[in-house]
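Work through the exercises below with the sequence and the model side by side. Try each task before you read its solution.

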Amino acid sequence: SYDEIYWDGLAECYHRGLVTNVGVCNYGPTLVAKCQEALAKRGVPLASNQIAYSLLGRHNGAQETLDKCNELGVKVLAYYPFAMGLLTGKYSPETMSSIEHSSGDSSLRSFQKSDIEKKDLERYAKGDGVAVPEG
């Protein structure tokens, strides 16, 4: 398969000393397990898997991928950990509407939370020691 050819190339780079670590990006739980197994057969540790994972976006298999990586000893590197800036206060309802209207992009809309969820996240961000409820 193309994946195995790619992994063979990564292993070759590792053994030639061209890289000191091997990592992948956007591998789900099944593929990361297959990759880790294929690399291990060649004596190469899989160091990392970079995935979309945020405080709000632990869906679409991200949590399952994180769990599998932890089981395999593969470090997870998260991109968009603050929900594409949504948790930084960068976006207000007005700026989000403006962005959607001008660009037609509604990708941030999927991260939008209810007022109760927003208050929980704000309380958590301010560090009062109360965890954000699941769900």
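**Getting oriented**

The protein chain has five helices and three strands. Helices (H or I, at least four residues) and strands (E, at least two) are DSSP runs, numbered from the N terminus. This is a predicted model, in which local features need pLDDT of at least 70 and side-chain atom pairs count only at pLDDT 80 or more, while totals for chains, interfaces and linings use all residues. Residues are numbered from 1 along each chain as its sequence is written, and side-chain values use heavy atoms, with hydrogens and water left out.

**Exercise 1.** Find the order of the elements from the N terminus on.

*Solution.* Start at the N terminus. The elements run α-β-α-β-α-β-α-α. Next, take burial: 24% of the 135 residues of the protein chain count as buried. Buried means under 20% relative accessible area, exposed over 50%, partly exposed in between (1.4 Å probe, protein chains only).

**Exercise 2.** Check the length of helix 2, then find its buried face.

*Solution.* Step one is the span. The expected span is 1.5 Å times one less than the number of residues.

Step two is burial. Val 32, Cys 35 and Leu 39 are the buried residues of helix 2. They line one face, because they fall within an arc of 65° seen down the axis. The arc is that of the directions from the helix axis to the C-beta atoms.

Turned away from the buried side are the exposed residues Thr 30 and Lys 41.

Step four is packing. The buried residues of helix 2 pack against helix 1 (2–15), strand 1, strand 2 and helix 3. Contact means heavy atoms within 4.5 Å.

**Exercise 3.** Which residues of helix 3 are buried, and what do they pack against?

*Solution.* Helix 3 covers residues 62–72, and its buried residues are Ala 62, Thr 65, Leu 66 and Cys 69. Their arc around the axis is only 100°, so they sit on the same side of helix 3. Their partners are helix 2 (29–41), strand 2 (46–52) and strand 3 (75–79). After helix 3 comes Gly 73, with a positive phi near 80°.

**Exercise 4.** Is Gly 23 buried, exposed or partly exposed?

*Solution.* Locate Gly 23 in strand 1 (residues 22–25). Its relative accessibility is 29%, so Gly 23 counts as partly exposed. Leaving out residues up to four places away in sequence, Gly 23 touches Leu 46 and Ser 48.
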